Amino acid sequence: GVLPDRVHDVHPAGDLAEAVRKAGYEVMTQSIELKVDGMSCASCVGRVEKTLLKVPGVVKASVNLATEKATVEVLSSVTFATLAAAIGNAGYSAKPASEPQQETAQKQIPEWWPVAVSALLTLPLVAPMLLQLFGIDWMLDGGQQLALATPVQFWLGWRFYRAGWKAVKARAGNMDLLVSLGTSAAYGLSVYQLIQGGGGHPHHLYFEASAAVITLVLLGKWLEARAKRQTADAIRSLNALRPTIARVLVDGREVSTPVEQIAIGDFVVVRPGERISVDGEVISGQSHADEALITGESLPVSKNVGDKVTGGSVNGEGLLHIRTGAVGAETTLARIIRMVESAQAAKAPIQRIVDQVSAVFVPVVLVVALLTFAGWMMYSGDWEAALINAVAVLVIACPCALGLATPTAIMAGTGVAARQGILIKDAEALEIAHSVTAVAFDKTGTLTEGKPSLVSIEPVQ
């Protein structure tokens, strides 16, 4: 017989996986994390997610603009190279999220230098507007304005042209495309008017508008990058709690060994005052351990033979011999770090609405700008005024805040909480936390610091 047409339909991997789960079986999947470079707004996030979901074997894809990471759930046959190639075809670049960042060369030149140079070149252009507030009428001539605005437009602002061109090649739009179109229109109109006026009519030039927009967007990019680094401090501080070297008993003597080389079953020696390097069980010795980072309990916990110890906690007054029970990614501290990272990378429910809006945001802005130009042309017949108003629509409607507000707030919230010892499981828990009216604690010990302080001095009569 003839098979029905629906058998030949190609179903996405996610739908097939869900169908298998509903049938009572499990689908073997793996999670791949990628560092995505080149994203500038929420529209970029939507494009990368759509690109990843089109790859055969991808079950789920989530891209976070603030962390610049993509978390992809795939079938076992999908490799990192396949995902990276798909992202590359979309106009971006990808590398493994675990790859160490090469920051040594970048540290030699401060990241704020483009903002500083752009601001110095733009200040003489916007100064006349500021001076008019004090009754001072002064302005550079057209040639000087052109000389100041050109490096801002095509040198410091080249990054917007490059990213905007990638978006055009991918048949999509992003914030960089809006910035490059808007500032180029203002710059081009000013050059035209400068040529027409023979260098005169400086009040009709708009070089300061294009330069100021680029400077402000560069400032926003720098502040955004600075906020990302600060909110990642929580992860770095948690990682700092993990010792890098441990003393392992080998044939009855202590050998200093990198923590990464310790295997389950190895015997680790922890001296008084040292930080415990692995999760395990005490086989010899007696001491107390400060486990405040795990339990919040301020008082040290007694440790005897047979008791469990947690990596990252601090040994007290005794010498302990510990049989390793968990290493690397399986330790309690590593799982806590992963929880904080996943909470920072996850999307809150409100972010789904943002993603839906941003998917059509740039095309809608371009259409509104064209309608603005056409409307002003019909109303006044002045194409210069029509172009200026269309440019205003383009440069004001940059959707960067649309895509950054929610993930940056999540990163800041989870980062500050982690530094205070509060672990937030996911973004949804953080979003609904505003409705909490009461918090119940199971014991009073978690509410104290265990550090007595002098409150007042009362003289004896």
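How exposed is R323, in terms of relative accessible area? R323 is partly exposed, with a value of 35%; here buried means under 20% relative accessible area, exposed over 50%, and partly exposed in between, with a 1.4 Å probe and protein chains only. Before we go on, note that this is a predicted model, in which local features need pLDDT of at least 70, side-chain atom pairs count only at pLDDT 80 or more, and totals for chains, interfaces and linings use all residues. Residues are numbered from 1 along each chain as its sequence is written, and side-chain values use heavy atoms, with hydrogens and water left out.

Let's stay with R323 and look at its partner. R323 and E281 form a salt bridge, 3.9 Å from N to O, the term meaning a side-chain nitrogen of Lys or Arg within 4 Å of a carboxyl oxygen of Asp or Glu. The two lie 42 residues apart, E281 in strand β8 and R323 in strand β13 (residues 320-326); strands (E, at least two residues), like helices (H or I, at least four), are DSSP runs numbered from the N terminus. Shared partners join E281, R323 and K308 into one salt-bridge network. E281 is partly exposed as well, at 25%.

In all, the model has five salt bridges. Another of them pairs E274 with R247, their closest N and O atoms 2.4 Å apart. This pair connects the loop between β7 (267-270) and β8 (279-284), which holds E274, to strand β5 (residues 245-250), which holds R247. E274 is partly exposed at 24%, and R247 is partly exposed at 22%.

The loop between β7 and β8 also carries R271, whose partner E254 sits in strand β6 (residues 253-258), 17 residues away.
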